[in-house]
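Open your viewer and get the selection tool ready. We'll go from stop to stop, picking something and looking at what is there.

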Amino acid sequence: MKVNLGFKGEEEYYAVNEQGNRVEIDMLAAEDKQAMSPMQLLLAGVISCAAVDLVKMVKKRRKTLVDFSGEIAGTRRDEIPKRFTAMHIVYRFVSPDLEEAEAQKLVNLAVEKYCSVAASLDPGIEMTHAVEIARPA
């Protein structure tokens, strides 16, 4: 696996994978921001990596998934390097038949066992997760 980095400006870059897919990256101030920062991309990697396995597991259990989304919040230390010290994920399911206990068990497996991105992080990062289930109207 390989990713190439390109330079656009002092605080602006892009990354291109082997298939030619491109992601814009910047470290600009919030009011000038045009792309995600490297730390935001890391959060996106964690939540999306676990989501792929999570959706597969829900479908394997023959549960109906009408909609699915998630949110991840990261807490960083103040000292440099300003690494993450904690991450909290909330996955939201819209399903007529998925129960909360089952969903939580699947989220635990997806984040703690199957997610390669989460497994690649410093084990000192506190990882927590929760689920919310809504029934379709």
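Start by selecting Glu99, which counts as partly exposed because its relative accessibility is 46%; partly exposed sits between buried (under 20% relative accessible area) and exposed (over 50%), using a 1.4 Å probe and protein chains only. A quick word before moving on: this is a predicted model, where local features need pLDDT of at least 70, side-chain atom pairs count only at pLDDT 80 or more, and totals for chains, interfaces and linings use all residues. Residues are numbered from 1 along each chain as its sequence is written, and side-chain values use heavy atoms, with hydrogens and water left out.

**Stop one: a bridge from Glu99**

Glu99 and Arg135 form a salt bridge, with their closest N and O atoms 3.7 Å apart; the term means a side-chain nitrogen of Lys or Arg within 4 Å of a carboxyl oxygen of Asp or Glu. This pair links distant parts of the chain, 36 residues apart: Glu99 is in the loop between β5 and α2, and Arg135 is in the segment after β6.

**Stop two: helix α2**

Select residues 100-114, which make up helix α2. Its 15 residues reach 20 Å from first C-alpha to last, close to the expected 21 Å, where the expected span is 1.5 Å times one less than the number of residues.

Which residues of α2 are buried? Colour Glu102, Ala103, Leu106, Val107, Ala110 and Val111 to see them. Look down the helix axis: the buried residues fall within an arc of 155 degrees, so they line one face of α2. That arc is taken from the directions from the helix axis to the C-beta atoms. Here's a handy rule: an α-helix has 3.6 residues a turn, so residues three or four places apart point the same way.

On the face turned away from the buried side, pick out the exposed residues Ala101, Glu112 and Lys113. Then show α1 (38-60), β5 (84-94), α3 (116-119) and β6 (126-134), the elements that the buried residues of α2 pack against; contact here means heavy atoms within 4.5 Å.

**Stop three: Glu102 and its partners**

Zoom in on Glu102, which counts as buried because its relative accessibility is 17%. Its side chain meets that of Lys63 in a salt bridge (3.7 Å, N to O). Lys63 lies in the loop between α1 and β4, so the pair ties together parts that are 39 residues apart in sequence. Glu102 also has a salt bridge with Arg61 (3.1 Å, N to O). Arg61 is partly exposed, with a relative accessible area of 37%. How many salt bridges does a search of the whole structure find? It finds 8.

**Stop four: the core**

Finally, select Leu54, Met87, Tyr91 and Phe93, the residues with the most contacts inside the largest nonpolar core, which has 26 residues. Such a core is a set of buried Ala, Val, Leu, Ile, Met, Phe, Trp, Tyr and Cys residues joined through side-chain atoms within 4.5 Å. Two or more residues come from each of α1, β5 and α2, and α1 gives the most, with 9.

Technical notes: Helix = DSSP H or I, 4+ residues; strand = E, 2+ residues; numbered from the N terminus.
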